[in-house]
Amino acid sequence: MTTVTTTTTGTTAATSVQAPSVGTGHTRVEGRDKVTGAARYAAEVPFADLAHGWLVLSTIARGRIVALDTDPVLAMPGVLAVLDHRNAPHLVTDYQGMLGTPDPTCAVFQHDRVPHLGWPVALVVAETSEQAREAAEALVVRYEEEPHEVELTGEHPDAYPVDGHMPAVTEKGDLDAQLAASAVVVDAEYTTPEEHHNPMEPHAATARWDDGRLEVIDSNQGVTWVAGELANLFSLDPASVRVRSEHVGGGFGSKGVRAHQVAAVMAATLLQRPVRVVLTRRQMFSLAGYRSPTTQRIRLGADPDGRLRALEHRSLSRTSTVYEFVEPSAGVARVMYDADAHHTANRVVRLDVPSPTYMRAPGEAPGSFALEAALDELAEKCGIDPIELRLRNEPETGPVSGLPFAGRNLAACFREGAQRFGWADRDRRPGLRREGRWLLGTGTAAASFPSGAAPSTATATAHPDGTFTVRISAADIGTGARTALTLVAADALQVAPERIRMRIGDSDFGPAMIAGGSMGTRSWSWAVKTAAGELRERLALGADIPAEGLTVQSDTTEALGALTPAERHSFGAQFAEVAVDMTTGEVRVRRMLGIFAAGRIVNPLTARNQFLGGMIWGISMALHEEAARDRASGGHVGADLAGYHVATHADVPRIEADWIDDTDPDDPVGIKGIGEIGVVGAAAAVANAVWHATGVRHRSLPIRPDRVLSAATGATDA
């Protein structure tokens, strides 16, 4: 395809040929800065007269603070202040922010109650970080302790349904009647553990007041979001709050509004100097959120040919006593498969634990493990190939919503993946393939994730020297969004990417969607293309470019509101081959393949990294990740990256990720979203492969060596 590029000489426009940028691989535009250290993260930006805050966390799981002995701490070298519930400013929490009501965990020092181990009880501020830490560790806090409960059980009497970002319960048809009429029934419980998404860069924030305006340098997934929350919490004029977050070393759902930002603002207000608060890795285990453990019951009823008559997916997750957050694991069933009777429910139980939060593919990641493992069990009982069973149950419209699908290319993903993986040569019978001491097996699973977009604004400016500046309050959390937006802007302006200066991560650029829900790049690209396209039109009509530049601003609110209701999702097919040593219990993933239908791929180079990263996370979820909580203390057994196991290089095999053509016609760039679908279904594919290798079903993650060995003693499932 040939495009026309606008070039400028002085204040006039000329044209030349420019090849398209979207769809071709580009290295990150900020890559050199990152590898040379020029890119500064939140805790690295220098400030004159900077003070340092250190959070003091509770050592009990439930009770109240009786006393804090602050006088000895205030007398220690370099200590400037101690903030706690007795002297902290009042915060407003009864408001609806960008994502609903705020998690009270971020409203620090407002009362003497302690709802979980690791609750912030004080902030010690000192001249240096070392002084602040020493003083914080010396602070004596006395508590009145109360009995606590932290363990999630499948039939907890206090469980109740919660809507979250989707309805808690959906029901269609007579479930009991359809189960009774089914020739084949699967009724099983699946569990996933507490999981943590510790990004490489710890949570960090620096707050300062500058000429009556609050500025926060932060590591977050949405500067508009954080600025709005801080303005609400502190009853400030939104125009008087600026949040900047230029480089972010990972987020995965955890980097929203948290205790450290609020505490930094409090201290900066008290001392009238910049204050920085950085969370330690151990503190992140109680203050940065996590994925709740889940207990999920799946009931499937089918005719002999595998066609579903009944589908029930019920999920129970854990929330804190101060904040109602639900892990909506049953939601994935509302999209994937239909049945005459279709019932789903998401429930929670309040326990004395930190608040869970969004973790990459919230709901879909644990929900797909249960649902796709159950589909594999049904395929075995029916004597049908697992891919064929899924294809026979492809819905024509949304199983719950009844809305048409805005593209559903799951079948194409399975066909392409099966051919490339060599699925046709697979013998469905388990436990037949062996190499020495290793039993070999293969498994598959389907994947889906919502494809949404949220209103965003952007500006595009043409400069007299022929360059362009695009500004948008986007967040690049390591996904390459800055580069993708550069390519989108370049094509909209019909110029080379080198002529685009992409500015992101500043709330002063106007409201924009957060980096979450796989909606970031799609939402931002829509706004960028709109602004850049209008600017291109003005230049083509001969508009002059003044010395300060010619600027166009976009707002996608109206365009998004005009979209026809539909089921919009990315889809994928996951394949895995495993080897299992029944003597040691070791499970090794030998190879994986993921084929995805995820809209137009803006930058194949960074997109493939996203898919691969998600699939590796699926390996980690299937075999390693598990946060063990001590019932006696209410805290983690090992709140660090030594005690919390994740997949390492030795655990990661040859992984391939690819995609099929799947442009979204309703999106101006054709994007759907790729950030989270890579992890969906990956753990199920591994678990299904372990069954194929051993003949034993593992319905609880992770599939640890001890569980494999226990199953080897004669159990038929684990």
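At 35% relative accessibility, Asp427 counts as partly exposed (between the cut-offs for buried, under 20% relative accessible area, and exposed, over 50%, with a 1.4 Å probe and protein chains only). This is a predicted model, where local features need pLDDT of at least 70, side-chain atom pairs count only at pLDDT 80 or more, and totals for chains, interfaces and linings use all residues. Residues are numbered from 1 along each chain as its sequence is written, and side-chain values use heavy atoms, leaving out hydrogens and water.

**View A. Asp427 pairs up with Arg429.** The two form a salt bridge (a side-chain nitrogen of Lys or Arg within 4 Å of a carboxyl oxygen of Asp or Glu), and their closest N and O atoms are 2.7 Å apart. Arg429 is exposed, at 53%.

**View B. Arg437 meets Asp581.** Here the closest N and O atoms sit 2.4 Å apart. Arg437 lies in the loop between strands S19 (433–435) and S20 (438–450), and Asp581 in strand S25 (residues 569–581), so the pair ties together parts 144 residues apart in sequence. (Strands, E, at least two residues, and helices, H or I, at least four, are DSSP runs numbered from the N terminus.) Asp581 is buried, at 1%, while Arg437 is partly exposed, at 47%.

**View C. Arg408 and Glu394 join up in a salt bridge.** The N to O distance is 2.7 Å. Both lie in the loop between helix H10 (386–392) and helix H11 (410–421), so the bridge links parts that are 14 residues apart in sequence. Arg408 is buried, at 14%; Glu394 is partly exposed, at 24%.
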